[in-house]
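Subject: Structure handover

Hello,

Here is the structure we talked about. Please open it and keep it in view while you read my notes below.

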Amino acid sequence: MSVMDKKTQQPGISFLTHVISPQDAGFPEDKSSEQRELQEAVRAFLEGEVVPRLHELDEDRDAHAPDLLRQFGEIGLFMAEVEEEFGGLGLGIFSAIAMIEELGRAGSFGVAAMVQQGIGMQPTMTYGTEEQRAAHLPGLADASVIGAYALTEPSSGSDALSAKTTAVRDGDHWILNGTKQFITNAAWAGLYTVFAQVDGNKLTAFLVPREAEGFSVLDEEDKMGIKGSSTCGLKLENVRVPDSARLGDIGRGHKIALNMLNLGRLKLGATMLGANKRALREAIRYGMERKQFGQPLVSFGMIRQKIADCAALIFAGEAIAYRTSRLIEDTVEILAPAEGKQAAKRHASEEFNVECAIAKIFLTEGATRVADHAVQMLGGYGFCEEYPVARNYRDVRVSRLYEGTNEINRMVVVNSIMRRSVKESVVDQIRARKVESGDRLAAVVEELRQVFARAVEAVLAKLGDPKKLRDEQELLAALAEMAIQIYVADSAAMRSAKMAARDDVDQRWKDFAHHAAMLAVANAGRETRNQSESLFAAVMEPEAAAEQIASAGRLFVLSINRVEHERALAAALIELEGEWPELAPAPEE
């Protein structure tokens, strides 16, 4: 069951089971003026100090990145979520996401900074003792100490919990032996969160300083992209650390690892917003100057389709990133008085593991699409390193691999939902929903939910025992994709509806949100239809499958004039010379 009282708070996967008012969801338009100022400060630093030096960073990361990280620490990003008593700003994750999304503008430097702000310091912040937090957080918060997270090993990538590194008790110390691989920030870090097995099967985390005897950093990986970031292996040979360096309880390292990955996935997804906005801006500005057949490239319909596709992806991506961060932040506020802030953060990250995984999947795969569109819009020049879209194309590709591959994240989505389906009757909750709305998009999303419920029932009816699902990854992947599309469509539709209800928003931005939401929901409907066709055909007899497929198709085919919406979105962004608009003023505080 949820850790929260469902009468007072939206629990995990409530996008499937609960009827939620758009006014109760958080979106970018809800950022306060202070949150917007912090975001703008991050953007100004990146655009002024980092982006002009991205080529230098790629050529000689060690000469530039550590110093830039320390400068960046001074403007407060790494301090955002750290409590004030440890030198931080004490902000919630909604505020942090507004700052973190900007990191995507800075390519490989953004990766290094994201790791510092996230898995480099979050384990200590969330699971550390008061002594550990007092000792380490001030240095991590101002980047005088750089952090790294050492979970992956040569033989355990996606199956990270099967680590072979060992920790053996020696009085009041531990002796660590093993090898880690693909550790971001490894070359510059001063503090490493290292996971090791106690007694062969009790995964446990330890805080290991760089100067520990027997600890060594291996050679840099020669990577396809993010060349300005450090990625090395680690070797631990009889590394001796005191028991006071142990983070959390013995055998509870899996909880730390998984919860840090939940938050890391959300934050990684958010950085793709910055990457997408910068790539789209570069492509539009190029297309406004470049002429073919006597016309600017951006005047051609197929180029405008690409611009609109990017816009719909960004709009929906913003909706799920900010909505998820608001859910987590609100949950922390509800639980903290009774449990304390650390425990509340742990519970909140676990509660919304599905939403975090969806944000990672949708935003990283969307970034690949935006990067591809940007290269295509520049033509041959897009393939040349002289233009930033080429670097972006290489840099965003890795986002689908780390923080758990997208295949693993799809399994997180569907396994969590299926467990709740058995324990909490999720299908019954979907069926029992009573929605009375004249909103066309909300009605379509509701139909997507009902098709998903029928798909879950069909799979369980076919297999009988839910445990058999482990051997049916194709079916699981189809269910996962349907759930992803429902969260995306629901968030985009609610964001547009919430914008439409505001009196202080210019009509053109309400229209912009409407056009983007229409395309996002139409895309979700199309993908859901494709997945449901495949799934029903796999688990039902041909006649019954054909009936279900036909019924699903009739339900959620959203007949819209795509060209109208695409042209409107493209025209608005061309008028802004590619800058992504703030769609609403900051609400009054």
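A cavity is a set of grid points where a 1.4 Å probe fits but cannot get out. Keep in mind that this is a predicted model.

**Cavities**

How many cavities of 30 Å³ or more does a search of the whole structure find? The search finds four. The largest cavity has a volume of about 230 Å³. It is lined by 27 residues, and the closest to its centre are Gly-104, Gly-107, Ala-275, Asn-392 and Asp-395. Three helices, α6 (107-117), α9 (253-289) and α13 (388-397), each supply at least two residues of this lining. Which of them gives the most? That is α9, with seven residues. By type, the lining of the largest cavity has 15 nonpolar, seven polar and five charged residues.

Next, look at the second largest pocket. Its volume is about 430 Å³. There are 24 lining residues, and Leu-313, Phe-362, Arg-369, Gln-485 and Asn-523 are the closest to the centre. Two or more residues come from each of α10 (301-339), α12 (353-378), α17 (473-500), α18 (507-539) and α20 (562-575). The lining of this pocket divides into 11 nonpolar, four polar and nine charged residues.

**Aromatic rings**

The whole structure holds 13 aromatic pairs. Start with Phe-15 and Tyr-487. Their ring centres are 4.6 Å apart and their planes are at 45°, so this pair is tilted.

Now take Tyr-149 and Phe-195. Why is this pair called edge-to-face? The planes of the two rings are at 70°, and planes over 60 degrees apart count as edge-to-face. The ring centres are 5.3 Å apart. Tyr-149 belongs to strand β1 (residues 147-150) and Phe-195 to strand β4 (residues 191-198), 46 residues apart. Tyr-149 has 8% relative accessibility, so it counts as buried. Phe-195 is buried too, at 0%.

There is also an aromatic cluster, formed by Phe-45, Phe-72, Phe-78 and Phe-109. Arg-326 lies over the face of Phe-94, at 3.9 Å from the ring centre. The charged end of Arg-346 sits over the ring of Tyr-127, 5.2 Å from its centre.

**Salt bridges**

Side chains of opposite charge can pair when their charged atoms come close. The count here is 39 salt bridges.

- Glu-29 and Arg-495 meet at 2.5 Å, N to O. Glu-29 lies in the loop between α1 and α2 (33-50) and Arg-495 in helix α17, so the bridge ties together parts 466 residues apart in sequence. Both Glu-29 and Arg-495 are buried.
- Asp-243 and Arg-246 meet at 2.9 Å, N to O. Both are buried.
- Arg-449 and Asp-490 meet at 2.9 Å, N to O. Arg-449 is in helix α16 (residues 440-463) and Asp-490 in helix α17, 41 residues apart. Both Arg-449 and Asp-490 are buried.

Last, look for a network of salt bridges. It links Arg-43, Glu-47, Glu-102, Arg-105, Arg-281, Glu-282, Arg-285 and Glu-579.

Best wishes

Conventions
Residues are numbered from 1 along each chain as its sequence is written. This is a predicted model: local features need pLDDT of at least 70, side-chain atom pairs count only at pLDDT 80 or more; totals for chains, interfaces and linings use all residues. Side-chain values use heavy atoms; hydrogens and water are left out. On a 1 Å grid over the protein atoms alone, a cavity is a set of points where a 1.4 Å probe fits but cannot get out, and a pocket is an open set with protein on both sides within 12 Å along at least five of seven lines; lining residues have an atom within 4 Å of a point. Grid points are joined across faces, edges and corners, and a volume is the space filled by probe spheres set on the points. Helices (H or I, at least four residues) and strands (E, at least two) are DSSP runs, numbered from the N terminus. Ala, Val, Leu, Ile, Met, Phe, Trp, Tyr, Cys and Pro count as nonpolar, Asp, Glu, Lys and Arg as charged, and the others, Gly among them, as polar. Rings of Phe, Tyr and Trp (its six-membered ring) pair if their centres lie within 6.5 Å; planes under 30 degrees apart count as stacked, over 60 as edge-to-face and the rest as tilted. Buried means under 20% relative accessible area, exposed over 50%, partly exposed in between (1.4 Å probe, protein chains only). A charge sits over a ring if NZ of Lys or CZ of Arg is within 6 Å of the ring centre and within 35 degrees of the ring normal. A salt bridge is a side-chain nitrogen of Lys or Arg within 4 Å of a carboxyl oxygen of Asp or Glu.
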